[in-house]
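Good morning, and thank you for coming.

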Amino acid sequence: MSALSPSEHDTDVAERQAVLRARHAELFKPFYESHWRAIVWLVLASGLFFYGLSSLEITVARIFGGIGQLGKMVVLMLPPDAGRFSFYVYAMLETLAIALLGTLSAAVVAFPLGFLAARNTTINKIVQFSARRSFDTLRGVDILIWALIWINVVGLGPFAGVLALFMSDLGSFGKLFSEAIEAADNKPVEGVVSTGGTSTASVRFGILPQLMPVLLSQVLYQFESNTRSASIIGIVGAGGIGLILSEQIRTLELQQMSCVILMILLTVSVIDYFCSKLRFAIIGKGAL
Amino acid sequence: MNSLDLQSAAYAQAVALKRRQLWLGIVVLLICVMVSGQIAEISLSKFFHHIGNFTSYFYRIAHLENGQFVLSDTAEWFWGWKKWLGLMGETLLMAYVGTLLGGCAALALCFLASKNITPNNTVVFATRRFLEFSRTVPEMVFALIFVVAFSLGPLPGILALAIHTTGALGKLFAEVVENIDMKPVDGVISTGGSWLHKVRFAVLPQVASNFASYALLRFEINVRGAAVLGFVGAGGIGQTLLEVIRKFYYADVSAVLVIIIATVMLIDAITERVRHRLLGQERKP
């Protein structure tokens with residue numbers, strides 16, 4: 001390297017910078033030129049946001065007034081009052097029972113239907129298409145709406161809740177199961193067939209061993225999410241702890257309400273914990 | 001005994017153990033089902049006795065007041081379409097505003113919940129517990145409480161959606177951030193960048209498309225959620241749906257349900273397309 005005087009050094013750097021600039025011209029464009037797409041999207045998104053705020057009548061005053069009110073309510077919630085503890089525990093058990101039966105019955109019914117909705121095991125295209133669309137429709141209707149419909153049929157109470165969970169889970173399981181069946185590897189089936197196995201044997205020893213861990217983990221996951229759903233369907237009268245919760249908030253029994261909310265949180269966490277343990281055990285076995 | 005016999009004996013033992021575990025599991029499950037059946041007041045006789053009501057319910061919601069099939073007079077069926085579409089629009093706006101608010105909060109918090117970006121363990125722990133709390137409480141419960149505090153209308157619904165979204169998206173975002181390539185982060189640190197520089201120039205470019213995809217998925221979920229928040233008076237089309245179901249306006253029930261289902265399916269289709277494009281963009285470079 002030749003020795004450069006300071007001024008020579010500066011011109012050298014400037015020259016090299018100019019070369020770099022020319023080589024990566026797109027990086028040195030002004031900000032608005034390189035990011036105009038992002039800016040347009042941002043303006044549109046925030047425009048819609050503020051339109052939403054104004055058309056839904058959301059004002060700063062309302063928000064702060066509400067937060068003040070909320071603060072007062074939180075103070076009134078403390079300490080949690082477990083006055084009718086056994087009553088709450090029974091309602092929580094009812095919630096769990098609804099979740100378990102809804103999940104399980106939907107899984108049992110969705111299992112054969114999943115084969116009909118899967119591309120590789122279905123009877124024909126029309127059956128597959130209509131099965132898929134039916135599952136979509138079942139899922140498209142919310143659990144609370146199903147609960148309202150079933151209350152008209154079997155009356156108020158947890159049974160309506162079980163049926164509501166069943167309908168909505170049937171849609172989810174049908175979709176998930178058929179996707180899992182479509183993703184199954186065909187080589188084990190060919191292996192069974194090549195040893196002279198029947199088609200029943202090829203499903204039992206070729207497809208089921210791949211499928212079972214996936215399906216079971218999906219059922220467990222759904223059970224977790226159903227515990228949450230089952231704890232709110234009581235709001236429309238379909239059994240479980242939601243009924244108690246909505247009554248307490250209407251009558252402003254806030255201390256009892258905070259106890260019930262804590263119970264829901266605790267139960268959901270415990271269920272989540274055990275389900276994830278169980279799921280890990282099942283998937284671990286399947287991976288071996 | 002030769003080694004083959006030993007092996008087959010060990011195999012038989014292992015299989016027998018597995019079988020025993022399976023049967024034990026099935027017995028425990030059956031006991032749980034029996035107990036649950038008792039608690040949940042399952043009655044098959046009631047079910048089969050009243051199942052006719054279920055099919056006839058769908059028959060009734062498929063027919064107008066004058067007894068004609070709904071499709072024979074769609075103008076009569078959708079007589080309140082202006083009101084209903086307005087309410088559906090309100091529902092969509094609620095879902096949008098709620099998702100945006102929750103998404104922004106999740107974006108701010110997810111870096112604090114990621115061990116590789118935030119070295120302070122206490123901050124990570126506290127942020128994670130907060131996110132966990134906000135997603136474990138069902139949004140309906142938040143809505144019930146907020147309706148009392150903020151009075152009826154879309155505002156409590158939006159806040160309930162926003163809090164739940166913060167918890168759900170915050171967790172997913174943090175998981176994405178924890179799986180990034182750390183080399184760009186090291187690069188920014190080596191040039192003397194601050195925490196904000198680190199996030200802006202090393203982390204965000206890696207995670208932005210994933211974040212957007214998760215946020216769209218959440219929007220989809222929130223549209224469904226917003227459609228029933230009206231059941232507790234938290235705005236949207238749910239209030240109307242509850243009314244028409246409770247008052248047995250059968251044709252209106254099917255009309256409102258059709259509007260909800262069609263909108264949900266439309267939103268699903270659109271967001272799925274956008275998400276595929278976003279994730280495709282990520283793989284390209």
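How many residues does the contact take from chain B and from chain A? Chain B contributes 57 residues, and chain A contributes 59 residues. Please bear in mind that this is a predicted model.

A word on confidence, then. For the complex, the predictor gives an ipTM of 0.80 and a pTM of 0.81. The mean pLDDT of chain B is 86, with 98% of its residues at 70 or more.

Let us return to the interface. About 5,100 Å² is buried between chain B and chain A, and carbon and sulfur atoms give 82% of that area. On the side of chain B that touches chain A, 43 residues are nonpolar, eight are polar and six are charged. Which polar interactions are counted between chain B and chain A? Six residue pairs are in polar contact, with both residues at pLDDT 80 or more. The number of salt bridges found across this interface is zero.

Finally, I turn to one helix of chain A. Why is helix α11 of chain A, residues 241-250, described as largely enclosed by the rest of the structure? The reason is that seven of its ten residues are buried, that is, under 20% relative accessible area. These buried residues are A:Ile241, A:Gly242, A:Ile244, A:Leu245, A:Ser246, A:Gln248 and A:Ile249. Just after α11(A) comes A:Leu252, which takes a positive phi of about 55 degrees.

Thank you for your attention.

Technical notes
Residues numbered from 1 in each chain as written. Chains lettered and ligands numbered in written order. Predicted model: local features only at pLDDT ≥ 70, side-chain atom pairs only at ≥ 80, totals over all residues. Heavy atoms only, no water. pLDDT = per-residue confidence, 0-100. Contact = heavy atoms within 4.5 Å. Buried area = accessible area lost by both parts, 1.4 Å probe. Salt bridge = Lys/Arg side-chain N within 4 Å of Asp/Glu carboxyl O. Polar contact = N/O pair within 3.5 Å; in protein donor to acceptor, adjacent residues only side chain to side chain. Nonpolar A, V, L, I, M, F, W, Y, C, P; charged D, E, K, R; others polar. Buried < 20%, exposed > 50% of the residue type's maximum accessible area, 1.4 Å probe, protein only. Helix = DSSP H or I, 4+ residues; strand = E, 2+ residues; numbered from the N terminus.
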